[in-house]
Amino acid sequence: MNKKLYLTVAVLLILCFVLSSCRNETQISFTPTNTVESDSVILQPDLSLPDEYYTSMHQGARVWHSYLNTPYGKYHYVDGFILYSQYGNSKFVKLCTKAECTHMDDNCDAYLGKIDQIVPTNKKTIQLGYYQDNIYYVERSKKNGLDWNLIKMNMDGTERQLVKTFATVSLTQGKRCLGFFHSGYYYFVMINAGQEMGSKYNTDNNFYRVKLDDYSEYESVISHDVIPEACMFTLVGNNVFFYVRTGPYNENYKLYDENPAEYELYMLSLTYKNMRLLTDKWADYRNSHFDWENAYCYKHNDGFYELNLTSEQMNKVADFKIEDAWGSLAYFYPDYNYIIAFAKTSDSRGYPRYFDSQTLYILDKQYHILNSCIIDALKLDTGCFIDDTGTSVLLASSAHKPIDFFIYKSDIGTDNVKLNEITD
C-alpha cells in the first residue's frame, strides 16, 4: 500500500469518526456493535464479570441506589428520567428510542416519574436494580398509594411490566419501604411515615426481601432490634452491614459535623441468618467500603481503618487529616482512593454554608496523596458522587444531576490533573 492510499484511508476514518460524533445524541440506537461510535449506542453486553459485580453496593453520598452499573452500560435516575451511558464514554443521555421525542415530559420512554409522585414523602430517593437483562424499580401504587409494586423493563427502557405487588396495606399502613436490589432480590426495611432510617420512632424490626423473578410474596430474613436503629444498610456478597449511630439520638440530624464520631457496625450473614456486632468504632456509611474479606473506612480528620470480617480485628493503617475541613466523603476503588473534603463558609448574612468550598484528594492504595484539586462547581448539598470507570473518574456535582465532570486517570500523579466538564 503506497503513501497516498494510506493518507486516503486515514482521511476516511477521520471523517467517519466526525460524522458519527455529530449524530443527534438525544436519541439512542440499539444496534449491537463492538465499536464505540457515540455516547448513544447500547453495545452488546460485556459478560466477562459475574452478576455479583453488578449487585454489590455502589459507593456514594445519596445516589448509590439510583446509579446502576450493568453489563450493558451505566444507568442513572435523575429528576424523573432514566439516563444511560455506555462504557468508555462519560456523557449520559435519556433512555428513549423515539425518533421525534423531545425527552421533556411523561411521553418520553425514559420518564419514570418525579420523586414526589413515586414516593410521596420527603425522602428523595428512587431505587434501581439490575438482574438477568432487565432493569427493576419499585413504586407506590397509583391506585391507593399504599401498595408497593415491583416493575421491570428491557435494557432500552421499553416494555415495562408489573411483576407483582409485593407489599400491601397490611404491611405498609403508616409506613414506607426503603431498600436495594441485590442478587435477584429486593431487600428492604419498613420506616414509619415521615421518618428516616434510624429514627427512634421506627417500630418494625424486620429485614425483608422479595424475589424478583417469580410471583412469591415477601419474607422476613431476620427480626432483630438492630433493624429499626440502623441509619443505613449495605449489601455485599452474602453479607448485610448495618450502621447504628452511637451517642444520643438527634432528631434534627442533618449535618456531618453533628454526626457522632463513631458507629456500631453489625453484619448479618444471609447464609446463616445470624447477626453479630463487628465493632462499635466504625465510620459513616458514606465513608465505608467492603469486599468479601475486609471492611475499609475513613474517619474524618483521623485516618484510614481496615477490619477483617472473620477475625473482627480492626487496625488503623494510615493517619490522614485535612486542615480546615469540617466533613468529608471517602471512596475506595481498586486503583486509587478518593476523598472529597468540605470547608465551612458563610453566606452574605453570616449563616454557615457547608458545601461551597470542596476539595478532591486522590490517594494511592497506601493512602499517600497523589493530587488535590478544588472543585468549585460542586455547590449543591452532598450529592457528590464518584465512579471510577477504569479510564476516567466521574463526578456528579449534585444528587439531582447526571454525571457532569470527569478526570482522566492517565493524568493522576502528574501536574495535568483537572476537572473536565461534560457538555452537550
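Val 210 counts as buried because its relative accessibility is 1%; buried means under 20% relative accessible area, exposed over 50% and partly exposed in between, with a 1.4 Å probe and protein chains only. The model is a predicted one, in which local features need pLDDT of at least 70 and side-chain atom pairs count only at pLDDT 80 or more, while totals for chains, interfaces and linings use all residues. Residues are numbered from 1 along each chain as its sequence is written, and side-chain values use heavy atoms, with hydrogens and water left out.

Val 210 belongs to strand β11, residues 206-211. Helices (H or I, at least four residues) and strands (E, at least two) are DSSP runs, numbered from the N terminus. Leaving aside neighbours within four places in sequence, Val 210 has contacts, meaning heavy atoms within 4.5 Å, with residues including Lys 164, Phe 166, Tyr 186 and Glu 217. Leu 150 is 60 residues from Val 210 in sequence, yet their C-alpha atoms are 9.4 Å apart.

I turn to the nonpolar cores. Such a core is a set of buried Ala, Val, Leu, Ile, Met, Phe, Trp, Tyr and Cys residues joined through side-chain atoms within 4.5 Å. The largest has 40 residues, and Phe 207, Phe 233, Phe 242, Tyr 243, Leu 268 and Trp 282 have the most contacts inside it. Strand β13, residues 230-236, gives the most to this core, with six residues. Another core, of 33 residues, lies apart from it and has Ile 82, Phe 92, Tyr 130 and Ile 422 among its members. In soluble globular proteins, nonpolar side chains tend to be buried together.

Next, strand β26, residues 392-396. How many of its five residues are buried? Five of the five are. Ser 392, Leu 394 and Ala 396 point one way, and Val 393 and Leu 395 point the other way. In a regular strand the side chains alternate between the two faces of the sheet.

Which strands pair with β26? Pairing requires that DSSP finds at least two bridges between two strands. Strand β25, residues 385-388, pairs with β26 in the antiparallel sense over four bridges, and Asp 387 stands opposite Leu 394. Three residues lie between the strands of this hairpin, where Gly 390 takes a positive phi near 105 degrees. Strand β27, residues 405-408, also pairs with β26 in the antiparallel sense over four bridges; there, Tyr 408 is the bridge partner of Ser 392.

Finally, Thr 359 lies in strand β23, residues 352-363, and counts as buried because its relative accessibility is 17%.
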